[in-house]
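Subject: Structure for your review

Dear colleague,

Please find below the structure that I am handing over to you. A summary of the findings comes after it.

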Amino acid sequence: MLSSLTGRRILRDRPRITTKTMPLKHLRTLPEKSVGRAYASWLDKEAVSPDTRDQVQYIDDEECAYVMQRYRECHDFYHAVTGLPVLVEGEIALKAFEFANTLLPMTGLSLFAVARLKPAERSRFWHVYLPWALTNGLRSKEIINVYWEEQLERNVDDLRLDLGMEKPPDLRETRKAFRKQRKATEDKRKRVGGPRSL
């Protein structure tokens, strides 16, 4: 953050992201394609709140503790800008993006959770979301240096363009299409009496 003018301002100002500093009622009134509205809509859709982020502990250096707190509090903005849901699959994809973008070790360690994914989810991660995460994480500007509080009225597509980030394929729609295809395959097998798929 010290290498960025905006990052240094964030470190100096030390803004916090809570429902007091980001009133959701106001964010919901912003234009539909604005960053603030995208953030509020994502929070509503996923039924989460900016107040659910725990206070950072066990870091003695005040500035380092703030950086970790800021990272935690900005995480939902990353979700909102990418559109990735809080499903395990979406979280792992976002952590892969964060690791490529910030090189924070804990984000890289989160990738071991790939082992928890079902085979179809794991395949999607390796073939779709990991390539997206690595390409976009390495290419885009460091998202920890975005002063989100100053971007709320900005068009979210313009922000992504400025950051050098592409939106990944819609994970919820991808999962829905997969389930529909699997059901159609099962129904067809039942009609013809073939073996059941695993």
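This is a predicted model: local features need pLDDT of at least 70, side-chain atom pairs count only at pLDDT 80 or more; totals for chains, interfaces and linings use all residues.

Overall architecture

The protein has nine helices and zero strands. Read from the N terminus, the order of elements is therefore α-α-α-α-α-α-α-α-α. Taken along the principal axes, the box filled by the C-alpha atoms is roughly 70 × 35 × 30 Å. The chain has 198 residues, of which 42% count as buried. Among the contacts with a separation of 6 or more, 67% come from residues 24 or more positions apart.

Helix contacts around α4

Helix α4 (residues 62–82) meets helix α3 (residues 35–46), with axes that come within 9 Å and cross at roughly 100°. The two helices are therefore roughly perpendicular to each other, since angles of 65 to 115 degrees fall in that class. On the α3 side the contact is made by V35, A38, Y39, W42 and L43, and on the α4 side by D76, F77, H79 and A80. By class, this contact comprises seven nonpolar residues, one polar residue and one charged residue.

Helix α4 also packs against α5, at an angle of about 110° and with the axes 11 Å apart. This makes α4 roughly perpendicular to α5. Here α4 contributes Y71, H75, Y78, H79 and T82, while α5 contributes E91, L94, K95 and E98. The residues of the contact of α4 with α5 divide into three nonpolar, three polar and three charged. H79 is listed in the contact of α4 with α3 and also in the contact of α4 with α5.

Aromatic pairs and a charge over a ring

A pair of aromatic rings is described by the distance of the centres and the angle of the planes. The structure holds five aromatic pairs, and two of them are described here.

Y39 and F77 form a stacked pair, with 3.8 Å from centre to centre and 5° between the planes. This pair links distant parts of the chain, as Y39 lies in helix α3 and F77 in helix α4, 38 residues apart. Both Y39 and F77 are buried. The two residues also belong to the contact between α3 and α4.

The second pair is formed by Y78 and W148, whose ring centres are 6.2 Å apart. The planes of Y78 and W148 stand at 55°, so this pair is tilted. It too links distant parts of the chain: Y78 is in helix α4, W148 is in the loop between α7 (119–139) and α8 (156–163), and the two are 70 residues apart. Y78 has a relative accessible area of 1% and is therefore buried, the cut-off being under 20%. W148 likewise counts as buried, at 1% relative accessibility.

How are these four aromatic residues, Y39, F77, Y78 and W148, grouped? They form one aromatic cluster.

A further item concerns R70 and Y147: the charged end of R70 sits over the ring of Y147, 5.9 Å from the centre of that ring.

Most residues other than glycine have a negative phi. Two residues with a positive phi are reported here.

R14 has a phi near 50°, a positive value in a residue other than glycine. R14 is located in the loop between α1 (5–13) and α2 (24–27). Its relative accessibility is 27%, so R14 counts as partly exposed.

L103 is not a glycine either, yet its phi is positive, at about 60°. L103 is in the loop between α5 (88–102) and α6 (105–109). With a relative accessibility of 59%, L103 counts as exposed.

Is R160 buried or exposed? R160, which is placed in helix α8, has a relative accessibility of 9% and therefore counts as buried. Leaving aside residues up to four places away in sequence, R160 touches V81, M165, E166 and K167.

Yours sincerely

Terms used: Residues are numbered from 1 along each chain as its sequence is written. Side-chain values use heavy atoms; hydrogens and water are left out. Axes are lines fitted to C-alpha atoms, for helices over the stretch in contact, and angles run from 0 to 180 degrees between N-to-C directions. Helices (H or I, at least four residues) and strands (E, at least two) are DSSP runs, numbered from the N terminus. Angles under 35 degrees count as roughly parallel, over 145 as roughly antiparallel, 65 to 115 as roughly perpendicular and the rest as oblique. Contact means heavy atoms within 4.5 Å. Ala, Val, Leu, Ile, Met, Phe, Trp, Tyr, Cys and Pro count as nonpolar, Asp, Glu, Lys and Arg as charged, and the others, Gly among them, as polar. Rings of Phe, Tyr and Trp (its six-membered ring) pair if their centres lie within 6.5 Å; planes under 30 degrees apart count as stacked, over 60 as edge-to-face and the rest as tilted. Buried means under 20% relative accessible area, exposed over 50%, partly exposed in between (1.4 Å probe, protein chains only). A charge sits over a ring if NZ of Lys or CZ of Arg is within 6 Å of the ring centre and within 35 degrees of the ring normal.
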